[in-house]
Amino acid sequence: MQKSRKRKQLELDHKPQSESDSGTKLTKDPYPTHTRPTREECIAVRDDLLALHGFPKEFAKYRRDENQIQFDDGDAKETVLDGLVKTVLSQNTTEVNSLRAFDSLKSAFPTWEEVLAAESKCLENAIRCGGLAPTKASCIKNILSCLLEKKGKLCLEYLRDLSVDEIKAELSQFKGIGPKTVACVLMFNLQLDDFPVDTHVFEIAKAIGWVPALADRNKTYLHLNQRIPNELKFDLNCLLYTHGKLCRKCTKKVGKQQRKESHEISCPLLNYCKNSLYEIKLINSI
Ligand SMILES: [Zn+2]
């Protein structure tokens, strides 16, 4: 059955790479008869979560309208390559640890040329606090060497001129880069309309019946990308992610990553539960 696996490998290891898979599978809805979420429901959920949490500060700088604004604290604007590496480092770890790993990497090797030239062990040591250091280090090195070979420089800004499908095809060529990483780069770094499905979004989507109860994560990604109106994707995604982290009623992971305030909030998503499954889960979790 659909048991959530603790993945010890990066995404691409589970992803088909053949030519025939790439085009159609990226855009096809695996659940065409599942008519939720509706547009109205997306708007209502967004508004309810916005009223509850406000817009999460850490994502505000990635919003399309604010794209031209200088980043917080006078930081230079995050490049697409920065964003891709940050997303790689964020896999299978907490946000705090992955950001720490990125900062440590940049402080040890300020340029991507230096990262590429570094000994693998040194690279691993620099990102060790983000977990899975050998896998992530080799993934990052591979991205950089492929990029240098193909484009002659360590830069992904050329993606800004491509279509969503072209960008997906380009990024998916790198070993270790799967649909969720691509979706994050599309949404956060390229300000395009995509809807990444991380653990929190996945659990909530299943719990409130936006996908069939036995849906897997990739099918959830494909379905939600078809159903959720483009203009709502960014805000809704950030809000669901934030809510999933804070609300124990929406996730099965009580304990480990809970914040102190988590038990205080009442969950507005209760109102969207049209499936008894969610009610049963809630009753069991109280
Ligand atoms: Zn909740």
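Phe-174 lies in the loop between α9 and α10. The model is predicted: local features need pLDDT of at least 70, side-chain atom pairs count only at pLDDT 80 or more, and totals for chains, interfaces and linings use all residues. Residues are numbered from 1 along each chain as its sequence is written. Helices (H or I, at least four residues) and strands (E, at least two) are DSSP runs, numbered from the N terminus.

- Phe-174 counts as buried because it has 20 C-beta neighbours inside 10 Å; a residue is buried if 20 or more other C-beta atoms lie within 10 Å of its own, exposed if 12 or fewer, and partly exposed in between, with C-beta atoms placed from the backbone.
- Leaving aside residues up to four places away in sequence, Phe-174 touches Asn-142, Ile-143 and Cys-146; contact requires C-beta atoms, placed from the backbone, to lie within 7 Å.
- Ile-143 is 31 residues from Phe-174 along the chain, and their C-alpha atoms are separated by 5.9 Å.

**Helices α9 and α10**
- Helix α9 (residues 164-172) packs with helix α10 (residues 179-189) at an angle of about 135 degrees, the axes being 10 Å apart. Axes are lines fitted to C-alpha atoms, for helices over the stretch in contact, and angles run from 0 to 180 degrees between N-to-C directions.
- α9 and α10 are therefore oblique to each other; angles under 35 degrees count as roughly parallel, over 145 as roughly antiparallel, 65 to 115 as roughly perpendicular and the rest as oblique.
- On the α9 side, Val-164, Ile-167, Lys-168, Leu-171 and Ser-172 meet Val-182, Val-185 and Leu-186 of α10.
- By class, six residues of the contact of α9 with α10 are nonpolar, one is polar and one is charged. Ala, Val, Leu, Ile, Met, Phe, Trp, Tyr, Cys and Pro count as nonpolar, Asp, Glu, Lys and Arg as charged, and the others, Gly among them, as polar.

**Helices α11 and α13**
- The axes of helix α11 (residues 199-207) and helix α13 (residues 230-246) cross at roughly 90 degrees and come within 8 Å, so α11 and α13 are roughly perpendicular to each other.
- α11 contributes His-200, Val-201, Glu-203 and Ile-204 to the contact, and α13 contributes Asn-237, Leu-240, Tyr-241, His-243, Gly-244 and Lys-245.
- The contact of α11 with α13 has four nonpolar, four polar and two charged residues.

**The chain as a whole**
- The protein chain has 14 helices and zero strands.
- Of its 286 residues, 35% are buried.
- Among contacts in the protein chain between residues at least 6 apart in sequence, 68% join residues at least 24 apart.

Key
Contact = placed C-beta atoms within 7 Å.
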